[in-house]
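Please consult the sequence and the structure shown below while reading.

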Amino acid sequence: MFFNLPTLLTWARIAAIPLIIGVFYLEGWSAAQQNLLATVLFVVFAVTDWADGYLARKLNQTSAFGAFLDPVADKFLVCACVLTLVHLDRANVFVALIIIGREIAISSLREWMAIIGATGKTAVHRLGKVKTATQMVAIPFLLYNGTVLGWIDTAVWGTWLIWISAVLTVWSMLYYLQKAIPEIRAKYR
């Protein structure tokens, strides 16, 4: 269904993108206030990724459109935030290229696999979920860009985590390619 509660939560993730980015253009706000608000917004909308899937199953409102839109919303949110972090000089441009490049490549691969009738070979794997979870922790740490509890430097931890997520990004891409290549070879012999 195009508009039900789970799908509306997914749409909310897409709508959140200009809100999160716009925080950094608020006049009269300190950098610390902007960082905190962007972090809170990101965390709230990132939680909708779990909530929409849970509610879709619980309310029996799963749909092909929702299954399509959910990963698109995740990719938009992550890519927009990573680009914002590069702009704020909190993330390396190579990290952004790796993350965004992988998302484009794997989305294209999945589309191709659907065309040849082998979508199961590129279904979401645990490695992709770990990659996403690492990104979803790294991004708010980098958005916050401060110290928590007097000793957790989120910039340092976020930088380590975003680089770890870049490694996981490449690893998961290689995993999906390894699964898809035999199918592609078999189809085009």
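A residue is called buried when its relative accessible area is under 20%, exposed when it is over 50%, and partly exposed in between, with a 1.4 Å probe and protein chains only. The model is predicted: local features need pLDDT of at least 70 and side-chain atom pairs count only at pLDDT 80 or more, while totals for chains, interfaces and linings use all residues. Residues are numbered from 1 along each chain as its sequence is written, and side-chain values use heavy atoms, with hydrogens and water left out.

**Selected buried and exposed residues**

Helices (H or I, at least four residues) and strands (E, at least two) are DSSP runs, numbered from the N terminus. The table lists relative accessible areas.

| Residue | Relative accessible area | Class |
|---|---|---|
| Thr-10 | 3% | buried |
| Cys-79 | 15% | buried |
| Cys-81 | 2% | buried |
| Gln-135 | 2% | buried |
| Leu-168 | 11% | buried |
| Asn-60 | 67% | exposed |
| Leu-149 | 68% | exposed |

Contact, as used here, means heavy atoms within 4.5 Å. Thr-10 belongs to helix H1. Not counting residues up to four places away in sequence, Thr-10 touches Asp-52, Leu-69, Asp-70 and Ala-73. Gln-135 is part of helix H5, and beyond its neighbours within four places in sequence Gln-135 is in contact with Val-78, Ile-99, Pro-140, Ser-165 and Thr-169. The C-alpha atoms of Gln-135 and Asn-145 are 15 Å apart in space, the two residues being 10 residues apart in sequence.

Leu-168 is located in helix H6. With neighbours within four places in sequence set aside, the contacts of Leu-168 are Leu-127, Val-130, Lys-131 and Thr-134. A distance of 9.9 Å separates the C-alpha atoms of Leu-168 and Lys-129, which are 39 residues apart along the chain.

**Nonpolar cores**

In soluble globular proteins, nonpolar side chains tend to be buried together. A nonpolar core is defined as a set of buried Ala, Val, Leu, Ile, Met, Phe, Trp, Tyr and Cys residues joined through side-chain atoms within 4.5 Å. The largest such core has 27 residues, of which Ile-20, Phe-42, Ile-139, Leu-143 and Ile-162 touch the most other members. Two or more residues of this core come from each of helix H1 (5-22), helix H2 (31-58), helix H3 (64-87), helix H4 (93-115), helix H5 (126-144) and helix H6 (154-187). H3 gives the most, with six residues. For Ile-139, the contacts outside four places in sequence are Phe-42, Val-78, Cys-81, Val-82, Leu-85 and Ile-162. Another core lies apart from the largest one; it has eight residues, among them Ile-106, Ala-118, Ala-180 and Ile-184.

**Cysteines**

Are the sulfurs of Cys-79 and Cys-81 close enough for a bond, or too far? A disulfide is a pair of cysteine sulfur atoms within 2.5 Å, and by this rule the count is zero disulfides. The sulfur of Cys-79 is too far for a bond because the closest cysteine sulfur, in Cys-81, is 9.6 Å away. Cys-81 is likewise in no disulfide.

**The largest pocket**

On a 1 Å grid over the protein atoms alone, a cavity is a set of points where a 1.4 Å probe fits but cannot get out, whereas a pocket is an open set with protein on both sides within 12 Å along at least five of seven lines; lining residues have an atom within 4 Å of a point. Grid points are joined across faces, edges and corners, and a volume is the space filled by probe spheres set on the points. The largest pocket holds about 1100 Å³ of space. It is lined by 40 residues, and Ala-67, Asp-70, Pro-71, Asp-74 and Val-124 are the closest to its centre. H1, H2, H3, H4 and H5 each give two or more residues to the lining, and the largest share, nine residues, comes from H3.

Ala, Val, Leu, Ile, Met, Phe, Trp, Tyr, Cys and Pro count as nonpolar, Asp, Glu, Lys and Arg as charged, and the others, Gly among them, as polar. By these classes the lining of the largest pocket comprises 15 nonpolar, 14 polar and 11 charged residues.

**Backbone angles in loops**

Most residues other than glycine have a negative phi. Asn-60, in the loop between H2 and H3, is not a glycine, yet has a positive phi of about 55 degrees. Leu-149 sits in the loop between strand E1 (147-148) and strand E2 (152-153). Leu-149 is not a glycine either, and has a positive phi of about 60 degrees.
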